[in-house]
Structures are given as structure tokens and as C-alpha cells.
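Hi,

Here is the structure I promised to hand over.

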Amino acid sequence: MVMSEREQFSWVWLGSLALFYGGYFVVISILEAVGEVGLFTRLGLLTAAAAASGLAIGLNALLARSRREPDEVTARDERDRAIGSHARSVAYGVLLVGMIVVGCVMPFGATEWEIVQSTIFVIVIAEIVSCAVVIASYRRGWRV
Amino acid sequence: MSEPRLTNTVKTLRFLAGEMTQSELGKRVGVTRQTIAAIETGKYSPTLETAYKIADVFGKPIDEVFPWEL
């Protein structure tokens, strides 16, 4: 079966999260093990990860556009909306639990940067869960 | 005893309707061709509105396009 543009987007976004944001966390961990990591280094690495992800998404959008048949329906339809809504509700649960840990537990023992890094990590994990649910729903089928 | 399930005859009806493409059917009911493919393979159950629209395209009653197999 031909992959829908939404599924394709989710694969690219999932790959970007794993590769670029995963790389960001690995590099930060290595730098933290060596010594102090400054604000601008952190911001620079995060910006680089975001830019690389944005580039991958943009290239995917261009590729998807070039593959479209003339007059093809490309707007989100009812299946895309149902799958997207389901994925968001699952990811919201993950985000909620993560934010409770980061906002209500970590301030009592963690450093400021640990809290910041954990916040970004929880957001990335929630996005990964959202992508995984979208992909699984397209692959295995979706029924209410 | 097996669970009753919703099946469909969309692929057959497309073939009988002059080999209508998934893309063309999708355009007429307002969904993507991937959604039509998912409906045909039983990976997605359409909303009642879309089911009626599909039946309307083929000029068939809805239970003929989406039979409920007991």
C-alpha cells in the first residue's frame, strides 16, 4: 500500500527526533562529563538539532509534493484526523507524567540544568510516542 | 463463535464501475487514496457520512457496500 503523506511525515519526524535530538542529548552528556557546559553551547546545540530536523521535514515536504498525482486529495481527511487525535491523547499522557516528575519532583534534588534538560527530554519522548502511535495506526489499521 | 465484523465490497464495486481508481473515488468522497486503500483492506472503518458517500457514488444501498458479517 502507498504510504500516506502523514505517515511519511511521522517517519521523518521520528527519525529526526532520534537522530538529531538524540545526538543533542549524547553530545550534552559527553560535554557535561568533561566539564561545565555554557548556556550558548547548549542553545547552539539545541538550535542545530532543531534546524537539522526542520531541514529534514522541509526536504520531505518537497519530495512528497513532487510525488503527488495531479488533482490528488492531500488535505487531512477523517482517518488522518482520527489517528492524529488518538496519537495526541496518548502523547499527552506521557507529557503529563513527565512534567509532573520534572516540575514537582526534580526541583527538590536536581540542578537547574538537569531540570531544563529533563524538560526537553520529556517533550522529545512525548513526540516520539506520538509518532510511534501514528505510524502503528497507519500500519496496523485504525478502528474506533 | 467469531465476532461479527464490518466488511466491504468497495474494491469490487470500483472494478465494476469502469475500473475507477482509488484516487478518483477518494476525490469524489473527499478522502485520500490511501484512506480508500485502507478501507478496502479493512484497516479503517469509515465514518457513517463517508460510508454513505461511497455507497452514493456506486448507487448502491449502504448495507450492500458495507455488509455486516455475522
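**What I found**

Reading chain B from the N terminus, the elements go β-α-α-α-α-α-β. That makes five helices and two strands, where helices (H or I, at least four residues) and strands (E, at least two) are DSSP runs numbered from the N terminus.

Before you go further: this is a predicted model, so local features need pLDDT of at least 70 and side-chain atom pairs count only at pLDDT 80 or more, while totals for chains, interfaces and linings use all residues. Residues are numbered from 1 along each chain as its sequence is written, and chains are lettered from A and ligands numbered from 1 in the order in which they are written.

On confidence, the model scores ipTM 0.86 and pTM 0.87. Chain B averages a pLDDT (the predictor's confidence in each residue, from 0 to 100) of 92, and 99% of its residues score at least 70.

As for overall form, the C-alpha trace of chain B spans about 40 × 20 × 20 Å along its principal axes. Of the 70 residues in chain B, 31% are buried, meaning 20 or more other C-beta atoms, placed from the backbone, lie within 10 Å of the residue's own.

Now the partner: 14 residues from chain A and 16 residues from chain B make up the contact (C-beta atoms, placed from the backbone, within 7 Å).

Cheers

Definitions and conventions
Two residues are in contact if their C-beta atoms, placed from the backbone, lie within 7 Å. A residue is buried if 20 or more other C-beta atoms lie within 10 Å of its own, exposed if 12 or fewer, and partly exposed in between; C-beta atoms are placed from the backbone.
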